[in-house]
Amino acid sequence: MQDQETSWQSLILVAILGILAVISFNSFVIINPGEAGVLSILGKAKDGVLLEGVHFKPPVISQVDVYDLTVQKFEVPAQSSTKDLQQLTASFAINFRLDPIEVVTIRRTQGTLQNIVSKIIAPQTQESFKVAAARRTVEEAITKRDELKLDFDEALSQRLSKYGIIVLDTSVVDLNFSTEFSKAVEEKQIAEQRAQRAVYIAREAEQEAEATINRAKGQAEAQRLLRETLTSELLQKQAIEKWDGKFPQVLGGNGAVPFLNLDITKSQR
């Protein structure tokens, strides 16, 4: 009988020690580097963020929600109308992290990281894109993409900072416009190419006409100079220089012999 009592006492002692061990184990929480914790007692978040290290927490009645403070990346779609009322859609990759000082407020107002993305980042991305897109036409949004992104970054950073979210970087993953505008851009490019081709042809024709005029002027000037310098004596001299010394076999109808200027009266004397 005494052995049974001893056995029961041992079991009770082991159970008590086990319960104490569990309670002791649950009385501490370890926060790793890159994390922050929020202590809640009976469902109420306590002030003061728990940073990396070992922290005491009341057993049974408390819990610690741990938040990742490292860089998070999510891709968020957005849609807006431009200044000229064209539809513009985009997809943004948002790199952000939580402000450790604001983790307690985030826990009280938003809860989990998934809620932060769906309830804060996604709608604020949409609103920021509307602000950036409304400042320019759809053509400017495409040709001045860097300026569009700069306006978007500024608007998004201001909006998310109020919620304890620090925007580190954004990138435009995709930017699309309506089918109607795409067709209009294509037609405009074709028209511009045709216009450039027409200008090129016109300039080419103009240059060719100018060259023709210059050649004609040169030929006319050469002929004028030639007329001024040519004399009958010079022509006869050039003909004599080119003569090979032989008389033609057939003379002209008047019987003239080229290059001979004989005085008949002198020969008869």
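**Exercise 1. A loop residue**

Task: Where does Leu42 lie in this predicted model, and is Leu42 buried or exposed?

Solution. 
- Step 1: Find the place. Leu42 sits in the loop between β2 and β3.
- Step 2: Take the relative accessibility, which is 70% for Leu42.
- Step 3: Apply the cut-off. Exposed means over 50% relative accessible area, so Leu42 counts as exposed.
- Step 4: Look at the backbone. Leu42 is not a glycine, yet its phi is positive, near 55°.
- Step 5: Most residues other than glycine have a negative phi.

**Exercise 2. Another leucine**

Task: Which loop holds Leu85, and what is the phi of Leu85?

Solution. 
- Step 1: Leu85 belongs to the loop between β6 and β7.
- Step 2: Its phi is positive, about 65°, although Leu85 is not a glycine.
- Step 3: Leu85 has a relative accessible area of 69% and is therefore exposed.

**Exercise 3. The open sheet**

Task: In what order do the three strands of the open sheet lie, and which are the edge strands?

Solution. 
- Step 1: Write the order, which is β3-β2-β5.
- Step 2: Name the edges. They are β3 (44-45) and β5 (62-68), and each pairs on one side only.
- Step 3: Look at β2 and β3. They pair over two bridges, in the antiparallel sense.
- Step 4: Pick out one bridge. Ser40 has Ala45 of β3 as its partner.

**Exercise 4. A valine in β2**

Task: Is Val38 buried or exposed, and what does Val38 touch beyond four places in sequence?

Solution. 
- Step 1: Val38 is part of strand β2.
- Step 2: Its relative accessible area is 0%. Buried means under 20%, so Val38 is buried.
- Step 3: List the contacts, leaving out residues up to four places away. Val38 touches Ala45, Lys46, Gln63, Val64, Asp65, Tyr67, Val103, Val104 and Arg107.
- Step 4: Take Val64 from that list. Val38 and Val64 are 26 residues apart in sequence, but their C-alpha atoms are 5.4 Å apart in space.

**Exercise 5. The nonpolar cores**

Solution. 
- Step 1: Count the residues. The largest core has 34.
- Step 2: Find those with the most contacts inside it. They are Phe92, Phe96, Leu98, Ile121, Phe129 and Ile165.
- Step 3: List elements that give two or more residues. Among them are β2 (35-41), β7 (87-98), α3 (113-133) and β8 (165-177).
- Step 4: Return to Leu98. Beyond its neighbours within four places, Leu98 is in contact with Tyr67, Asp68, Leu69, Ile106, Ile116, Gly164 and Ile165.

**Exercise 6. A patch on the surface**

Task: Which residues form the nonpolar patch on the surface, and which elements give two or more residues to the patch?

Solution. 
- Step 1: Name the members: Phe28, Ile30, Val54 and Phe56.
- Step 2: Give their accessible area together, about 460 Å².
- Step 3: Assign the elements. They are β1 (28-31) and β4 (53-56).
- Step 4: Check one member. Val54 is in strand β4. Its relative accessibility is 59%, so Val54 counts as exposed.

**Exercise 7. The whole chain**

Task: How many helices and strands does the chain have, and what share of its residues is buried?

Solution. 
- Step 1: There are eight helices and eight strands.
- Step 2: The chain has 269 residues, and 23% of them count as buried.
- Step 3: The chain exposes about 19100 Å², with 56% of that supplied by carbon and sulfur atoms.

Definitions and conventions
Residues numbered from 1 in each chain as written. Predicted model: local features only at pLDDT ≥ 70, side-chain atom pairs only at ≥ 80, totals over all residues. Heavy atoms only, no water. Patch = residues over 30% accessible without salt bridge, like charges linked within 9 Å, V, L, I, M, F, W, Y side chains within 5 Å. Areas by Shrake-Rupley, 256 points an atom, 1.4 Å probe, with all protein chains shown as cover. Salt bridge = Lys/Arg side-chain N within 4 Å of Asp/Glu carboxyl O. Helix = DSSP H or I, 4+ residues; strand = E, 2+ residues; numbered from the N terminus. Buried < 20%, exposed > 50% of the residue type's maximum accessible area, 1.4 Å probe, protein only. Core = buried A, V, L, I, M, F, W, Y, C linked by side-chain atoms within 4.5 Å. Contact = heavy atoms within 4.5 Å. Pairing = 2+ DSSP bridges.
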